[in-house]
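This briefing goes through one protein chain by topic, from the overall fold down to single residues. Please keep the sequence and the structure in view while reading.

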Amino acid sequence: MKYYVSTRFSNRAGVERVIRLLAQHGHHITYDWTKTFGGVPSDIEMGSIAVREIEGVRDADFVIVLLRGGYGTHTEFGAALALNKPVILVAPHDNVLLGPHKNIVPFYRHPLVHQVHDISSIPRLTRSMKYPFGAPDEE
């Protein structure tokens with residue numbers, strides 16, 4: 001299956017761990033944004049990156065969100081839900097799910113969201129996830 005990983009830029013190592021783990025299970029990333037940045041991108045480059053990231057979400061069978069995320073993380077998270085994509089929310093501790101006022105973000109409880117505490121749980125979950133329009137074709 002195809003997937004996209006969303007998290008903050010400083011967590012590129014986490015994305016690389018997910019890519020290595022899921023490759024062992026035959027899954028393919030739709031867009032690896034960690035290879036995009038070589039310096040400070042211009043406004044035009046940032047626009048192009050934004051388009052490729054949304055295309056990565058659109059082309060994925062499911063999306064993985066590694067919390068704590070950055071500004072774009074929740075944009076990609078919302079795009080996944082709007083496109084009816086299952087989301088695997090990786091939150092090492094439940095307190096990561098709390099907003100600034102110690103309240104949970106409602107979208108973390110959306111029916112398409114599956115929460116795990118560790119990256120190692122992702123492969124098992126991908127085998128048991130429910131897809132709103134049926135399971136995607138295996139590649």
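Does Asn84 count as buried, partly exposed or exposed, and why? Asn84 counts as partly exposed because its relative accessibility is 33%, a value that lies between the 20% under which a residue is buried and the 50% over which it is exposed. The model is a predicted one, and the points below begin with the chain as a whole before they return to this residue and its surroundings.

**Overall fold**

- The protein chain contains 4 helices and 5 strands, and, read from the N terminus, these elements follow one another as β-α-β-α-β-α-β-β-α.
- When contacts in the protein chain between residues at least 6 apart in sequence are considered, 73% of them join residues that are at least 24 apart.

**The sheet**

- The 5 strands make up an open sheet with parallel pairing, and their order across it is E2-E1-E3-E4-E5.
- Strand E2 (28–29) and strand E5 (113–116) are the edge strands, and each has a single partner strand, so one side of each is left without a neighbour in the sheet.
- Helix H1 (residues 12–23) packs on this sheet, where it touches strand E1 (2–6), E2 and E3, and the direction of H1 makes an angle of about 140° with that of E3.
- Strands of a sheet pair through backbone hydrogen bonds, in either a parallel or an antiparallel manner.

- Val63, which is found in strand E3, counts as buried because its relative accessibility is 0%.
- Apart from residues up to four places away in sequence, Val63 touches Tyr4, Val57, Ala80, Pro86, Val87 and Ile88; the C-alpha atoms of Val63 and Val87 are separated by 4.8 Å, although the two residues are 24 residues apart along the chain.
- Ile88, which lies in strand E4, is likewise buried, because its relative accessible area is 0%.
- If neighbours within four places in sequence are left aside, the contacts of Ile88 include Phe62, Val63, Ile64 and Val65, as well as His114, Val116, Ile122 and Met129; the C-alpha atoms of Ile88 and Phe62, which are 26 residues apart along the chain, are separated by 7.5 Å.

**The contact of H2 with H3**

- The axes of helix H2 (residues 43–59) and helix H3 (residues 71–82) come within 9 Å and cross at roughly 35°, and the crossing of these two helices is right-handed.
- On the H2 side the contact involves Glu53, Ile54 and Val57, which meet Glu76, Ala79 and Ala80 in H3.
- By residue class, the contact of H2 with H3 is made up of 4 nonpolar residues, no polar ones and 2 charged ones.
- Val57 and Ala80, which take part in this helix contact, are also among the residues that Val63 touches.

**Backbone geometry in two loops**

- Most peptide bonds are trans, and most residues other than glycine have a negative phi.
- The peptide bond from Leu67 to Arg68 is cis, with omega near 0°, and Arg68 is found in the loop between E3 and H3.
- Asn84 has a positive phi of about 60° although it is not a glycine, and this residue lies in the loop between H3 and E4.
- To return to the opening question, Asn84 is partly exposed at 33% relative accessibility, whereas Val63 is buried at 0%.

How values were computed. Residues numbered from 1 in each chain as written. Predicted model: local features only at pLDDT ≥ 70, side-chain atom pairs only at ≥ 80, totals over all residues. Heavy atoms only, no water. Contact = heavy atoms within 4.5 Å. Pairing = 2+ DSSP bridges. Axes fitted to C-alpha atoms, helices over the stretch in contact; angles between N-to-C directions. Left-handed = near helix turned anticlockwise from the far one by under 90°. Nonpolar A, V, L, I, M, F, W, Y, C, P; charged D, E, K, R; others polar. Buried < 20%, exposed > 50% of the residue type's maximum accessible area, 1.4 Å probe, protein only.
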